[in-house]
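Colleague: I would like to learn how to read a protein model step by step. Could we go through one together, with the general idea coming before each case?

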Amino acid sequence: MFDEDQIEAFNLIKDGHNLLVSGQAGAGKTFLIKKAVKYLRKHQRKADIVCSTGIAATHFSDLGAQTLHRWAGIEDGRHMNQNLLHLIETDERFISVKKNFLNVDVLFIDEISMISSKVLSQVEFLIRNVRKSNQYFGGAQIVLVGDFYQLPPVPNELLGDPGNHCFRISWFNDCFPHQIILHLIHRQSDHTLIKCINELEIGNPSDETLA
């Protein structure tokens, strides 16, 4: 069963909205995504799920998850936007990537805390231009999932990526007006431990937590 926050997020997904779903470990993000993807596919919507890492993708192996870098053909980030767009449009090695962009109805991006502003901006640019649309992500519905208190993006100065969080993008709030935080921890019932983790996560432990 869903809690109130999960119900709100599920209804927004079902109704076609872009949104960010956040919340600490154990809040039911993975459970929510799996239910949502299965619901959308049952109702004939092309729902793909991608993750920042291959390890994260294994949590959704039954749903055919893969890394965002593979799904979007961005490899290690070496390509400039226009160069990569040209490859996707003309190179047969990128046929599957082009199909991904053209066919997806809803794209779930898990572990979003590790996706940098450069990477998300590039993916948005590519989908929008391949679909020849003026809408963000070419009108595809995007659901971001993760906890920004967890692992940040890995900088790659060599390829021009300083590793800024994706929420630093100027258009982020316009594209993702709905931002739901899952508050109820399902994986743990020890309220003292939950309180400690919450305080440590934001870097403000109380005397009780320190003790």
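Modeller: Let us begin with the word contact, which means that heavy atoms lie within 4.5 Å. Keep in mind as we go that this is a predicted model. In that sense of contact, and not counting residues up to four places away in sequence, Leu-107 touches Asp-48, Val-50, Trp-71, Gln-141, Ile-142 and Val-143.

Colleague: Where does Leu-107 lie, and is Leu-107 buried or exposed?

Modeller: Leu-107 lies in strand E4. A residue counts as buried when its relative accessible area is under 20%, and Leu-107, with a value of 0%, is therefore buried. Distance along the chain is another matter, for Leu-107 and His-86 are 21 residues apart in sequence and 22 Å apart in space, C-alpha to C-alpha.

Colleague: Which residues have the most contacts inside the largest nonpolar core?

Modeller: The general idea is that in soluble globular proteins nonpolar side chains tend to be buried together. Here the largest nonpolar core has 36 residues, and those with the most contacts inside it are Leu-68, Trp-71, Phe-101, Ile-109, Leu-120, Phe-137 and Leu-144. Several elements each supply at least two residues of this core, including helix H5 (81-90), helix H6 (95-103), strand E4 (106-110) and helix H7 (117-130). The largest share, seven residues, comes from H7. Leu-120, if residues up to four places away in sequence are not counted, touches Ile-109, Ile-115, Phe-137, Leu-144, Cys-166, Ile-169, Trp-171 and Phe-172. Apart from this core lies another, of 27 residues, among them Ile-33, Ala-47, Val-143 and Ile-185.

Colleague: How should I read a positive phi, and what is the phi of Gln-44?

Modeller: Most residues other than glycine have a negative phi. Gln-44 has a phi near 60 degrees, a positive value in a residue other than glycine, and it lies in the loop between helix H2 (29-42) and strand E2 (47-51). Since exposed means over 50% relative accessible area, Gln-44 counts as exposed at 69%. Lys-132, in the loop between H7 and E5, also has a positive phi, near 55 degrees, and counts as exposed at 66% relative accessibility.

Colleague: Where does Gly-139 lie, and which residues does Gly-139 touch?

Modeller: Gly-139 lies in the loop between H7 and E5 and, at 41% relative accessibility, counts as partly exposed. Not counting residues up to four places away in sequence, Gly-139 touches Arg-131 and Ser-133. The C-alpha atoms of Gly-139 and Asp-76, which are 63 residues apart along the chain, are separated by 26 Å.

Note on methods: Residues numbered from 1 in each chain as written. Predicted model: local features only at pLDDT ≥ 70, side-chain atom pairs only at ≥ 80, totals over all residues. Heavy atoms only, no water. Core = buried A, V, L, I, M, F, W, Y, C linked by side-chain atoms within 4.5 Å. Buried < 20%, exposed > 50% of the residue type's maximum accessible area, 1.4 Å probe, protein only. Helix = DSSP H or I, 4+ residues; strand = E, 2+ residues; numbered from the N terminus.
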